[in-house]
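I opened my notebook to follow the nonpolar packing and the sheet in this one. Here is what I looked up, in the order I went.

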Amino acid sequence: AQRPLIISFNGGPGSASVWMHIAYTGPRVLNVDFEGYPIQPYGFKNNPNSILDVADIVFVNPVNTAYSRMLPNIEGTLPKREQFFGINEDIAYLAAWINSFVSRKNRWESPKYIIGESYGGTRVMGLSLELQENQWMYLNGVILVSPADYKTLGVGGPVSSALNLPYYTATSWYHKQLSEELQEKDLLDVLAEAEAFTLNTLLPALAKGGFIDAVEKSKVSEKMAYYSGLSQKVILQHNLDIPNSFYWKELLRDKTGQTIGRLDSRYLGIDKKESGDRPDYSAELSSWLHAFTPAINHYIKSELGFETDLKYNMFGPVQPWNNEGDNTRDNLRLAMAQNPYLKVLNQSGYYDGATTYFNAKYTLSQIDPSGKMKDRFTFKGYRSGHMMYLRAEDLIKANDDLRQFLKDSATKGNPAKY
C-alpha cells in the first residue's frame, strides 16, 4: 500500500496507451536505435530504466482504443456514444473507473499519481479535480507529458502564434539552419534568447495586428528570421504569423527539398512536390506506427498471453468529440488549491511541433495567476520530440526525472495544510 500507484493515459483523443506502455515507463521498450528510429526485426526488449522499481503503473485504454469496446446491455442495446466521447464525458467515466480499480485492488492508502501524454494532458488536468470532488480521491501528483492545452493550441491569435517561435528556433538549430553565431551556442542558451524575444517583442507586435508600424514590423521580422531560420521575406508575407504546418514544409525547401516531422521535427519526409504550404504526411508518425504496431501486438500475445481476434486500435473511432466546456486548466488550479499535497511535473521535447515545449511552459505559467503555487510546478525539457523517451539518452533522463518527482511529492508525514 505504500508503493505509489500511477494511472497512465495517452491522448488523441482516441489513442491507445501503447506509446508510454512499450516505449517509456513499462517493463519492455521498442527495439529502436539510440535516436529512436525503428529497426528490424521489429519487437521489444527489456527496459532497465522503467520506474517499476519504485511504483506500480496501470496503463488505461479508454473506450474504443486498443481492445476496449462498448458492450451492449442484456437487450442488445449499445450505450450512447455521447456518454464517452467528449472532454468532460471522458473525464467523468474514467474517474469512476479509477475509483473502482483502486477499490478492487485495495490501493486507497497508496500515494496516487496520474500521467497523461498529449491530449492525455488535458485529460489528467481535468481528472485531478473530478477525482477530488466526485470520487473523494486526492492525488500526490499530476504528470503532463508533451501536454495539449487547447486554450492555446489551434485557437489562433497573437498568443497561439507567438508561442511557436522558440520551437522553430530549436528545430532550426537541430537542422543547422540558424546563423553561425547561434549554431555555435548550446541549444538551451539559444532558446533562452528566443523565449525572451517571444514574450517581450513578438507577442506585443502580433497583438498590434495590422496597425503595427512598418518600421517595427520590419525589425521584428528580421529578428524572427534570425531565430527561425526562415527568410525575412516569407515572414513578412505571412504578416509575422507563421503556421506550424508551413514551417514544416518551408524550412528545408530550398536546401534539401525535404519536409520535417510534426510530432518530432528531427524526422525528414519526401513530398511529391516541393511546392505547397504543408507536408503530404507526418514523417515521424509513419515511422513510429510501423515499429509500435507489430511490437504491441507481439508483446500482448507472446509475453502477456492474451489471445483475441479483436483488432488492437492504435487510434480508435471516437469522433465526433465534444470539445465544449474545457475548464481543465482551471480545474487543475482548483485541485491544487484544495489539496496542498498536489504537485505537477511537465515533460516536453524541444523538437515537438504539435504540442510545443513553450506552449507547455506558458500553460504552467497561466494555471495559477496568483503565483502562490508556482513552487509546486516543475518543467523538464528534452532534446527530442513529442515522445522524448524514444531517444535512449532521454529515456534514461525522463524516467529518472519521474523518480525524483515521486520523491519530491512524497508527503513524509507532513500534514496537508498551508
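I began with the largest nonpolar core, which holds 45 residues; Val-18, Tyr-24, Phe-292, Tyr-312 and Tyr-389 touch the most other members. By nonpolar core I mean a set of buried Ala, Val, Leu, Ile, Met, Phe, Trp, Tyr and Cys residues joined through side-chain atoms within 4.5 Å. Buried is under 20% relative accessible area, exposed is over 50%, and partly exposed lies in between (1.4 Å probe, protein chains only).

A note on provenance: this is a predicted model, where local features need pLDDT of at least 70 and side-chain atom pairs count only at pLDDT 80 or more, while totals for chains, interfaces and linings use all residues. Residues are numbered from 1 along each chain as its sequence is written, and side-chain values use heavy atoms, with hydrogens and water left out.

Back to the core: which element gives the largest share of it? I found α11, with eight residues. Next I checked Val-18, ignoring neighbours within four places in sequence: it is in contact (heavy atoms within 4.5 Å) with Asn-10, Ala-23, Phe-292, Ile-296, Tyr-312 and Met-314. Another core lies apart from this one and has 39 residues, including Trp-321 and Leu-364.

Then I turned to the sheet. Six strands form an open sheet, paired in parallel, in the order β4-β1-β5-β6-β9-β10. Helices (H or I, at least four residues) and strands (E, at least two) are DSSP runs, numbered from the N terminus; two strands pair if DSSP finds at least two bridges between them. I noted β4 (56-59) and β10 at the edges: each has a single partner strand, so one side of each is left without a neighbour in the sheet. From one strand to the next the twist averages 15 degrees.

Strand β9 (residues 343-349) got its own entry. Six of its seven residues are buried, so the strand is largely enclosed by the rest of the structure. On one pairing, five parallel bridges link β9 with β6 (residues 141-145); Gly-141 has Lys-343 as its bridge partner, and Ile-143 has Leu-345.

Terms used. Axes are lines fitted to C-alpha atoms, for helices over the stretch in contact, and angles run from 0 to 180 degrees between N-to-C directions.
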